Amino acid sequence: AILKKDDTVQELNLDKAHVDLIDALNISDEFRKDTYPNEIVIKRIVILQKLKDIKCAIWNITCMTTSFNLLNTKIDAESGQIIDESLKPLLKYGKEK
């Protein structure tokens, strides 16, 4: 299930989202090049969203790499700052139950 029973979709205020899609992708790409230079992106999933535990709208960018890792970067849509990132092996998700 995407949402838990007691969760609601948070309202997204687009007036505060000053970082557009192209800028968010550039921020994510520069971060990847600097932090994980050997990871080459082959697919991206990009979502502009408002999460319950984060006060601002964020760009949630998940990249699948040629080495079968998932690089997730959360970028503040107002300031362009990276507020969270992780690199995890894709194969790990198939083992979780």
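What percentage of the 97 residues of the chain counts as buried? I find that 29% do, where buried means under 20% relative accessible area, exposed over 50% and partly exposed in between (1.4 Å probe, protein chains only).

**Entry 1: basis.** I note that this is a predicted model, in which local features need pLDDT of at least 70 and side-chain atom pairs count only at pLDDT 80 or more, while totals for chains, interfaces and linings use all residues. Residues are numbered from 1 along each chain as its sequence is written, and side-chain values use heavy atoms, with hydrogens and water left out.

**Entry 2: confidence.** I looked up pLDDT, the predictor's confidence in each residue, from 0 to 100. The chain has a mean of 88, and 88% of its residues reach 70 or more.

**Entry 3: elements.** I record two helices and four strands, in the order α-β-β-β-β-α along the sequence. Helices (H or I, at least four residues) and strands (E, at least two) are DSSP runs, numbered from the N terminus.

Entry 4: I followed strand S3 (residues 69-76) to strand S4 (residues 82-89) and found antiparallel pairing over seven bridges; two strands pair if DSSP finds at least two bridges between them. Thr-73 stands opposite Glu-85 in S4. Five residues separate S3 from S4 in this hairpin, and Gly-80 in the turn has a positive phi of about 85°.

**Entry 5: Phe-68.** I found a positive phi of about 60° at Phe-68, although this residue is not a glycine. Phe-68 lies in the loop between strand S2 (57-65) and S3. Its relative accessibility is 46%, so I class Phe-68 as partly exposed.

**Entry 6: aromatic pair.** The ring centres of Phe-31 and Tyr-36 are 6.2 Å apart and the planes stand at 75°, so the pair is edge-to-face. Rings of Phe, Tyr and Trp (its six-membered ring) pair if their centres lie within 6.5 Å; planes under 30 degrees apart count as stacked, over 60 as edge-to-face and the rest as tilted. Phe-31 counts as buried because its relative accessibility is 16%.

**Entry 7: Ile-22.** I located Ile-22 in helix H1. Its relative accessibility is 53%, so Ile-22 counts as exposed.
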